[in-house]
Amino acid sequence: MPNPAELSTATGQLGPICASTGKPITFAEAIVLDDRYVCWEAYLEITGAKPATDGKDIEGLKLD
């Protein structure tokens, strides 16, 4: 169970605050690393891991 002091509703949902960056995230976005919740960016930085696939641009798809 997370410490209530380490929770936030800043994203519109109850979720943890990243232990590394301090960014509020949802539980769906959170990665548990050494008993702490971290965001994807922090996970990559801490572990040195890299995604197994490369992204690709799709014509006509707008993510804004």
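Let's start with the cysteines: the count of disulfides here comes to 0, where a disulfide is a pair of cysteine sulfur atoms within 2.5 Å. The sulfur of Cys-18 has its closest cysteine sulfur in Cys-39, and because the two are 3.7 Å apart, they are too far for a bond. Keep in mind that this is a predicted model, in which local features need pLDDT of at least 70 and side-chain atom pairs count only at pLDDT 80 or more, while totals for chains, interfaces and linings use all residues. Residues are numbered from 1 along each chain as its sequence is written, and side-chain values use heavy atoms, with hydrogens and water left out.

Are these two cysteines buried or exposed? Cys-18 counts as buried, at 3% relative accessibility, and Cys-39 is also buried, at 3%. Here buried means under 20% relative accessible area, exposed means over 50%, and partly exposed lies in between (1.4 Å probe, protein chains only). Both cysteines belong to the largest nonpolar core, whose 7 residues are Cys-18, Ile-25, Ala-30, Leu-33, Val-38, Cys-39 and Ala-42. Such a core is a set of buried Ala, Val, Leu, Ile, Met, Phe, Trp, Tyr and Cys residues joined through side-chain atoms within 4.5 Å. Setting aside neighbours within four places in sequence, Cys-39 is in contact (heavy atoms within 4.5 Å) with Cys-18, Thr-21 and Ile-25.

Now for a pair of charged residues. How many salt bridges are there? The count comes to 1, a salt bridge being a side-chain nitrogen of Lys or Arg within 4 Å of a carboxyl oxygen of Asp or Glu. Glu-41 forms this link with Lys-23, and their closest N and O atoms are 3.6 Å apart. The pair joins distant parts of the chain, 18 residues apart: Glu-41 sits in helix H1 (residues 40-47), and Lys-23 in the loop between strand S2 (15-16) and strand S3 (31-33). Helices (H or I, at least four residues) and strands (E, at least two) are DSSP runs, numbered from the N terminus. Glu-41 is partly exposed, with a relative accessible area of 46%, and Lys-23 is partly exposed as well, at 40%.

Finally, look at Ser-8, which lies in strand S1 (residues 7-8). With 15% relative accessibility, Ser-8 counts as buried. The side chain of Ser-8 reaches the backbone nitrogen of Ala-10 at 3.0 Å. Beyond neighbours within four places in sequence, the contacts of Ser-8 are Gln-13, Leu-14, Gly-15, Ile-17 and Pro-24.

Notes:
Polar contact = N/O pair within 3.5 Å; in protein donor to acceptor, adjacent residues only side chain to side chain.
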